[in-house]
Amino acid sequence: MVGLGMQPYGIQSMLKEGHKHLSGLDEAVLKNIDACKQLSQITRTSLGPNGMNKMVINHLDKLFITNDAATIVNELEVQHPAAKILVLAGKAQQEEIGDGANLCVSFAGELLQNAEELIRMGLHPSEIIIGYSKAINKAVEILDELVEKGTENMDVRNKEEVISRMKAAVASKQFGQEDNLCRLIAEACIQVCPKNPDNFNVDNVRVAKLLGGGLHDSTIVRGMVLKSDTVGTIKRVEKAKVAVFAGGVDTSATETKGTVLIHSAEQLENYAKTEEAKVEELIKAVAESGAKVIVSGAAVGEMALHFCERYRLMVIKISSKFELRRFCRTTGAVAMLKLSQPSPDDLGYVDSISVEEIGGVRVTVVRNEEGGNSVSTVVLRGSTDSILDDLERAVDDGVNTYKAMCRDSRIIPGAAATEIELARRLKEFSFKETGLDQYAISKFAESFEMVPKTLAENAGLNAMEIISSLYAEHAAGNTKVGIDLNEGACKDVSAMNIWDLHITKFFALKYAADAACTVLRVDQIIMSKPAGGPRRDAAAAAGAGMDED
């Protein structure tokens, strides 16, 4: 800019050199919309049960094979600021409900694509935003009317009811295996559901992934599965008290540094003996308190282990702090800092701890069948790591759905029945509006067609035929007709038993509309020159290299 003796003028003179400034409809708005469209095209083919998988390799060379939109957008390092807004909406949906991130991102992309057509027709973005806001409010009203009667109150401990609500969420991740998975997830959730279901904690359902076998070998353990062997030779204990030491079981070095002068060999021998006696005394104290199992949060010393064996104590090492906390939750133990005699209140209780071999891996299974069990573990079996990771995501979705239904158990028809009904009713609503925003409302209604269209396309069906026959059915008053993907025909949802949670749809549509309006509100993009210095990934790579040696 400054070359040839020309002085910068206008906005160039105001900002530092090297900045970028995009303004106006063509440069800013349409470019933003284009970036968002690209993102939603990636996620949309993974929507629904027949969704395709994506193979994503992230910056650390880790491979993900999944059709879970939340994982996909997390691992794609999206750089475009406008597309990032969609990613944030998808993440918010994942945090809030744990399912429906794909609907959220794809729907927002569809809304923006339709907004682009309106802008090319000559509508101003602010008119589109007003229309979209009216439409989303109306859509929320219609959603409330579509709720299935009598589903406001549900018994969250009734397995059948739980499975019927969870099935859609799990089927969209693992189609064809949802019946097996839902049974496992529902059982695990019901086991750890507290007296007041609102306080259900997702963290209490753990997943242990063990290679080998197939999904039909998966089981549920009331308690925990630790992926390590016990430290000593004792491999099985039943109905035992447990002492947990967070600081490790070892001869304790003193807190302060001290120097001891030893003059003769006898003194050295006595020093070693007293150390030995001290350790024995500590272990004996633990054994006398009634504990049969010692759980250590750090290293277990050789000498300490020797005495544990002598007193027939089982020793388990759990190095992860979080696992240790969960272990304390499972057993009701209190973690003590140093090796000392535990008081009876600090001891936990387990029904059995045993080392079992599953698929060539030795695991320690901690069972707590009697009351007070607050952690349950789904043991997943599968042939490869990526299959196991995907199964784990399906379980996560199921557990999150359970949490959502504890908050609000209302259900609405699934299989795109709700979307077609929303599209039809909003279209009628747009005809009643006067003013330019009616075009925006009718485009908003059209955006809903993306769901049945995508579901049909992903299943290899003719989307146009399906959508028109859905509209025909709904116009005749059958509001619960959706797509049966197996037969490629339109059927009543209640016969197929496909239901979605009202709360999932509600938040997905709301977040999508908000994200779309945020992108449309932008009319100028001003990017400063990126800060100098080495690039972040180069620095990270150098750091990774240093850690290894």
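Predicted model: local features only at pLDDT ≥ 70, side-chain atom pairs only at ≥ 80, totals over all residues.
How many salt bridges does a search of the whole structure find? The search returns 37 salt bridges.

**Stop 1: Lys 134 and Asp 437.** Select these two residues and show their side chains. They form a salt bridge, with the closest N and O atoms 2.9 Å apart. Lys 134 belongs to helix α6 (residues 125–146) and Asp 437 to helix α14 (residues 437–447), so the bridge ties together parts 303 residues apart in sequence.

**Stop 2: Asp 397 and Lys 173.** Next, select this pair, whose side chains meet in a salt bridge at 3.3 Å, N to O. Asp 397 sits in helix α12 (residues 385–407), and Lys 173 is in the loop between α7 (159–171) and α8 (178–192); the pair therefore links parts that are 224 residues apart in sequence. Both residues are buried.

**Stop 3: Arg 410 and Asp 408.** Here the side chains form a salt bridge of 3.2 Å, N to O. Are the two partners buried or exposed? Arg 410 is partly exposed, with a relative accessible area of 24%. Asp 408 has 18% relative accessibility and counts as buried, because the cut-off for buried is under 20%.

**Stop 4: a network.** Select Glu 145, Glu 421, Arg 424, Arg 425 and Glu 428 together. Salt bridges with shared partners join these residues into one network.

**Stop 5: helix α2.** Look for a kink of about 25 degrees centred on Leu 30. Leu 30 is also one of the buried residues of α2, which include Val 29, Ile 33, Cys 36, Lys 37 and Ser 40. In an α-helix there are 3.6 residues a turn, so residues three or four places apart point the same way.

**Stop 6: Asn 204.** Where is Asn 204 placed? It lies in the loop between α8 and β4 (205–211). Asn 204 is buried, at a relative accessible area of 9%. Leaving aside residues up to four places away in sequence, Asn 204 touches Val 192, Arg 329, Ser 374, Val 375 and Ser 376. To finish, draw a distance from the C-alpha atom of Asn 204 to that of Val 399: the separation is 9.7 Å, for residues 195 apart along the chain.

How values were computed:
Residues numbered from 1 in each chain as written. Heavy atoms only, no water. Bend = angle between axes of the 7 residues up to and from the residue. Helix = DSSP H or I, 4+ residues; strand = E, 2+ residues; numbered from the N terminus. Buried < 20%, exposed > 50% of the residue type's maximum accessible area, 1.4 Å probe, protein only. Salt bridge = Lys/Arg side-chain N within 4 Å of Asp/Glu carboxyl O. Contact = heavy atoms within 4.5 Å.
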